[in-house]
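Please take the sequence and the model below side by side, and follow the description from one part to the next.

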Amino acid sequence: MTPTPTRETDWRLRPIVGLLSFLAAISVFTAAAHLSPVSPFAWLTLVTLMVLIGLSNLLTLRIRSNFFVHWTDAATLVAAVALPVPWLIVLVAVSVTLAKIIQRREPIKAIFAVAKETLVATTAGLILASADIETLTTTSQLANFPPIQTVGLAFLAMIVIDDLVSVPVIAISMGMPVLQMYRESLKRHLSLSVIRFGIALAALVLLLWDSRLLIAIPPLVLSLHFMHMNRLRQQAEREAWQRLARATDALNEVDLDKVLRAAVDTGVNMFGAAWVEVDFRVPAELGQAADVRHVFGDSSGILEERPDIADSEGEPTVVALEGQRDTEDVGELRLYFARPTILPEREGFLLRTFAASLATAIRNASAYGLLINVADQHAHEAQHDPLTGLANRRFLVEEGKQALEHRPTTGAIALLTLDMVQFKEINDGLGYTAGDAVLVEIGRRMLATAGADAIVARQDGDEFAVLFTALPTPALAMHRSRDILQQVAEEYEVDGVPITLVPRAGLAVAPADGDMTELLRRASLALTEAKRTGQRIVPYSRSLDITDLDRLELGGQISRAVAASEFTLEFQPIVDLATGEIVSAEALARWHHPDRGNLDPRRFLDAVERSGQLTAFTEAILDQALQAAGTWAAAGHPIPVAVNISPRSLLDRRFPALVEQLLDERGMRSESLVLELTESLTLSSMEIVDQVLAGLGRLGVAIALDDFGTGFSSLSALARVPVRELKIDRSFVTDMDASAEAMAVVRSTIELGRALGLAVVAEGIERVDQRQTLWNLGCGLGQGHLFARPLSHQRFLASLGKSAFGEAMEGRQAPVVRLPRTGEHFGLRRRPRSSNE
């Protein structure tokens with residue numbers, strides 16, 4: 001940091017000034033002791049030379065704020081030739097002292113100037129001692145002109161002594177490097193010194209030609225001074241405008257930092273300031289308030305901290321950075337000088353011109369910076385999710401492409417995709433604000449667990465992805481993915497409500513020759529398999545490609561299969577747990593494929609939904625089910641048939657009309673049909689779903705809620721859907737003996753059905769003790785292998801003639817409320833059994 005020109009600087013200069021004063025005093029006292037008498041005519045010469053030296057010291061040319069030129073050395077050289085050394089020293093000391101008194105210079109500066117000029121005169125006098133003129137007369141003494149080389153050596157010695165003494169003192173007072181000041185002084189003194197030396201020689205010629213002409217030298221010097229001053233001012237003005245042009249060229253930057261550095265450099269080098277300060281207002285950015293910046297610098301550049309300038313000499317030169325068209329000023333430019341300085345009019349005009357250019361440059365650079373920031377923000381928003389702040393799918397794909405193009409020779413790249421089971425129920429139950437809060441927390445947990453070498457992205461809705469770009473081994477992908485899933489599955493709390501999510505994930509390791517599109521396809525395929533099978537995470541394997549192709553192939557055959565009646569039904573009885581009597585039947589679809597044999601619904605239902613043949617398939621299945629129910633009724637067994645329908649059927653406005661048409665064609669009442677809806681169906685507030693459910697309700701078709709207890713929507717589904725029956729999922733029935741949680745679900749479902757007057761059917765009953773437990777809990781209906789496996793239409797019809805499936809439990813005590821028997825629950829009346837049955 002540059003030293004501040006305070007009292008500390010004065011104390012640093014005092015030893016130097018003191019030493020110079022001591023040497024000058026010795027020189028003056030010695031010269032005074034050796035003064036020789038002079039003639040009356042010589043006094044006129046002495047007075048004339050004294051006026052010449054004093055005048056030359058007063059006539060100072062200011063080139064810049066820190067650079068001055070005067071004629072003292074030329075006048076001193078004339079006196080050194082014309083006078084003995086003692087008279088020269090005394091005359092210079094007296095003349096300079098009077099000049100400084102007239103200028104009212106500060107004591108330390110006046111003492112320094114007198115001492116310096118005295119030592120310079122002493123040096124010149126000693127060199128020219130051999131050329132002293134003892135007696136001056138009117139007679140021409142040109143023959144006594146000293147050798148030109150001696151005069152030149154004396155003048156050169158004067159310049160050298162002047163710089164050796166002056167430059168360090170000025171550099172210290174200005175706070176500038178001494179070597180830099182020497183270079184600048186040498187550059188500026190060279191041409192001016194030659195001119196002053198020529199004028200000194202001309203004055204010597206006049207003096208030695210006729211000493212009476214000496215009186216004409218001061219007016220001559222004064223005229224030359226003004227001529228030279230005008231020439232120097234013109235030259236300085238040209239240079240100033242050239243420097244201003246270069247300075248304004250340096251402001252043609254769009255980088256604000258470069259503009260400020262150029263401003264500091266110009267203030268220091270062009271105007272001679274020791275420090276430069278720029279205060280300006282930064283335009284408001286994206287709704288934020290405008291900010292004020294303070295930049296401070298010196299010859300070394302922009303400073304990190306603003307130095308203490310409270311003790312600086314004089315006030316700073318301040319110029320406003322004006323706004324355009326009467327707008328508010330941009331700020332201020334302040335120049336601090338090492339000593340009190342008032343800029344002349346020309347430099348003031350240059351400074352104001354430069355300030356105007358600086359104001360324009362700051363406005364332009366600030367506006368450009370604002371545009372860059374806005375562009376960067378838009379680019380960030382285009383690649384990031386606004387809710388969670390995570391990368392979006394676009395950024396994920398771009399980074400994935402880069403990672404795959406520059407993949408290391410060792411290690412692996414992997415992609416994990418995951419979404420949450422039935423996350424929409426959180427939005428429906430707690431609101432979208434709660435859902436957003438959960439999504440943000442999911443992103444935070446994933447980001448904290450994934451690691452620095454992974455990219456976490458939110459692709460869409462509740463679907464997230466993690467791209468591992470620097471795995472040491474492929475096996476590590478599964479380990480890190482499980483850590484992420486474990487964190488995501490931890491309990492959440494939103495507005496005091498505990499929430500547990502079940503994530504499903506697919507993982508794919510990038511193939512050696514695959515691109516990002518292939519990696520995304522594999523991860524998506526694995527995720528689909530995880531959601532289909534209910535697994536927490538599924539790694540990609542080639543078998544998934546075969547399965548997917550298999551689905552595509554089956555999907556292309558759905559239309560033919562419907563036309564060829566390849567889809568058939570098997571029926572599993574639903575029995576009264578008390579008596580074992582059949583009260584209804586569930587229709588289970590089978591595909592008798594000509595090449596693949598009998599296919600389970602899990603093999604082809606996805607293909608049916610994707611094929612565009614869902615309506616035709618549903619119509620065929622419902623028609624067969626109603627046909628079977630009609631056959632049973634004709635045989636004296638009017639029991640309803642339950643058919644599982646795809647959730648997508650509720651998105652078809654024509655579905656109620658289709659059901660009504662099939663009932664009419666088969667001559668069946670609506671109570672003959674039960675439609676089973678899977679509870680995993682997202683029953684949102686979609687208007688079309690409400691319309692379809694309302695249409696089914698007007699028909700009187702019974703609705704059963706299948707797999708009850710496996711999702712989040714149990715109570716909301718009961719409130720939205722005209723449910724008449726709850727079916728307990730087989731997983732709870734299987735685990736109820738070993739799991740308290742499963743038993744609690746079974747018990748609460750039975751109690752809920754009793755409270756709402758709904759039939760409760762337990763699925764998957766395989767053992768007698770399970771039947772007994774369910775009976776004791778109050779469950780009235782059940783199905784499972786304990787009673788019968790799915791039967792063909794003919795075998796099921798034959799089984800209807802049997803008395804019951806299993807022993808009756810009529811005499812056993814159970815805390816149950818007897819439900820309507822068989823068809824009575826669904827509005828059907830069973831005819832009395834004959835004695836032949």
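What follows describes a predicted model, beginning with a sheet and the helices on it and then turning to salt bridges.

The sheet is open and consists of five strands in the order β9-β10-β8-β13-β14, with mixed pairing. Because β9 (454-460) and β14 (537-539) each have a single partner strand, they stand at the edges, and one side of each is left without a neighbour in the sheet. Neighbouring strands are turned against each other by 20° on average, direction ignored. Within this arrangement, strand β8 (residues 412-420) runs antiparallel to strand β13 (residues 503-509), and seven bridges join the two; Met-420 stands opposite Pro-503 in β13.

Two helices can be followed onto this sheet. Helix α13 (residues 432-450) packs on the sheet and touches β8, β9 and β10 (463-471), its direction making about 10° with that of β10. Helix α14 (residues 475-489) also packs on the sheet, where it touches β8, β9, β10, β13 and β14, and its direction makes about 145° with that of β10.

The structure holds 21 salt bridges, one of which is formed by the side chains of Asp-453 and Arg-480 (2.8 Å, N to O). Since Asp-453 lies in the loop between α13 and β9 while Arg-480 belongs to helix α14, this pair ties together parts that are 27 residues apart in sequence. Asp-453 counts as partly exposed at 24% relative accessibility, whereas Arg-480, at 15%, counts as buried. Elsewhere, salt bridges that share partners join Glu-277, Asp-279, Glu-332 and Arg-334 into one network.

Methods
Residues are numbered from 1 along each chain as its sequence is written. This is a predicted model: local features need pLDDT of at least 70, side-chain atom pairs count only at pLDDT 80 or more; totals for chains, interfaces and linings use all residues. Side-chain values use heavy atoms; hydrogens and water are left out. Two strands pair if DSSP finds at least two bridges between them. Helices (H or I, at least four residues) and strands (E, at least two) are DSSP runs, numbered from the N terminus. Axes are lines fitted to C-alpha atoms, for helices over the stretch in contact, and angles run from 0 to 180 degrees between N-to-C directions. Contact means heavy atoms within 4.5 Å. A salt bridge is a side-chain nitrogen of Lys or Arg within 4 Å of a carboxyl oxygen of Asp or Glu. Buried means under 20% relative accessible area, exposed over 50%, partly exposed in between (1.4 Å probe, protein chains only).
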